[in-house]
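Biologist: Hi! Could you walk me through this chain, step by step?
Modeller: Happy to, let's open it up.

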Amino acid sequence: MTKIIHPIAAAVALLTTLTFWLSTFLSELSGDLDLITGVKTLIPWGLLILLPAMAAVGASGFRMGQKRRGPVVEAKRKRMPIIAANGILILIPSALYLSAKAQAAQFDAAFVAVQTIELIAGAINITLLSLSMRDGLRLTGKLRRKLASSH
């Protein structure tokens, strides 16, 4: 069951994080304050999807990782605390803060600063989650490294 839950939860977590990031980036790029407010208001509700998915990824990955060793497993194991800390310490508080500020129509320097930090932290998590997904696909044999040709 863990082998089924882990990749599904990982895909949900990555896609949700990517949706948050792209929605934020595109709404900010548009400059439409109503759109920005809508996106910033909806993201905390999206945490109801993201947080259980991340918990399932962490728990199932921990369980599967107990039985496996090797550099790919170690790389995945080292990424998870960074992903979790980034989410708990930066992304969740930023999402809640920015939601409150947007709903109060306070698009001031503090909003812009926190929004910038959130976009950077989100990009880091997207990168780390993508690397972990790539490594997971390699571990299952669904993704093979390209062999260097000896021509």
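This is a predicted model: local features need pLDDT of at least 70, side-chain atom pairs count only at pLDDT 80 or more; totals for chains, interfaces and linings use all residues.

Biologist: Good to know. How many helices and strands does the chain have?
Modeller: The chain has four helices and zero strands. Reading from the N terminus, the order of elements is α-α-α-α.

Biologist: And what box do the C-alpha atoms fill?
Modeller: Along the principal axes, the box is roughly 55 × 40 × 20 Å.

Biologist: What percentage of the residues is buried?
Modeller: Of the 151 residues in the chain, 34% are buried. The accessible surface comes to about 9400 Å², and 71% of that surface belongs to carbon and sulfur atoms.

Biologist: What about contacts between residues at least 6 apart in sequence: what share joins residues at least 24 apart?
Modeller: That share is 76%.

Biologist: Switching to charges, how many positive and negative ones are there?
Modeller: There are 17 positive and 7 negative charges, and their mean positions lie 24 Å apart.

Biologist: Now the inside. Which residues of the largest nonpolar core touch the most other members?
Modeller: That core has 14 residues, and the ones touching the most other members are Ala13, Phe20, Ile43, Leu50, Met54, Ile83 and Leu129. Each of the helices α1 (2-30), α2 (33-65), α3 (71-103) and α4 (109-140) supplies at least two residues of this core.

Biologist: Which helix gives the largest share?
Modeller: Helix α2 does, with six residues.

Biologist: Pick one core member for me. What does Met54 touch?
Modeller: Leaving out residues up to four places away in sequence, Met54 touches Ala13, Met80, Ile83 and Leu129.

Biologist: Which side chain does Gln115 make a polar contact with?
Modeller: The side chain of Lys40, at 3.3 Å. Beyond four places in sequence, Gln115 touches Thr24, Glu28, Lys40 and Leu98.

Biologist: Thr24 came up there. What else is Thr24 in contact with?
Modeller: Leaving aside neighbours within four places in sequence, its contacts include Val39, Lys40, Ile43, Glu118 and Leu119. Thr24 belongs to helix α1 and is buried, with a relative accessible area of 3%. The side chain of Thr24 also reaches the backbone oxygen of Phe20 at 2.9 Å.

Biologist: How many residues apart along the chain are Thr24 and Lys40?
Modeller: They are 16 residues apart along the chain, with 7.4 Å between their C-alpha atoms.

Biologist: What about His6: buried or exposed?
Modeller: His6 is buried, with a relative accessible area of 13%. This residue lies in helix α1. The side chain of His6 makes a polar contact of 2.7 Å with the side chain of Ser60. Outside four places in sequence, His6 touches Val57, Ser60, Gly61, Met64 and Lys76.

Biologist: Last one, Ser30. What does its side chain reach?
Modeller: The side chain of Ser30 reaches the backbone nitrogen of Asp32 at 3.1 Å. Ser30 is in helix α1 and is partly exposed, at 44% relative accessible area.

Methods:
Residues are numbered from 1 along each chain as its sequence is written. Side-chain values use heavy atoms; hydrogens and water are left out. Buried means under 20% relative accessible area, exposed over 50%, partly exposed in between (1.4 Å probe, protein chains only). Contact means heavy atoms within 4.5 Å. Accessible areas come from the Shrake-Rupley method with a 1.4 Å probe; for residues, only the protein chains shown count as cover. Lys and Arg count as positive and Asp and Glu as negative; His and the chain ends are not counted. The place of a charge is taken as NZ of Lys, CZ of Arg, CG of Asp or CD of Glu. A nonpolar core is a set of buried Ala, Val, Leu, Ile, Met, Phe, Trp, Tyr and Cys residues joined through side-chain atoms within 4.5 Å. A polar contact is a pair of N or O atoms within 3.5 Å; within protein, one must be able to donate a hydrogen and the other to accept it, and residues adjacent in sequence count only if both atoms are side-chain atoms.
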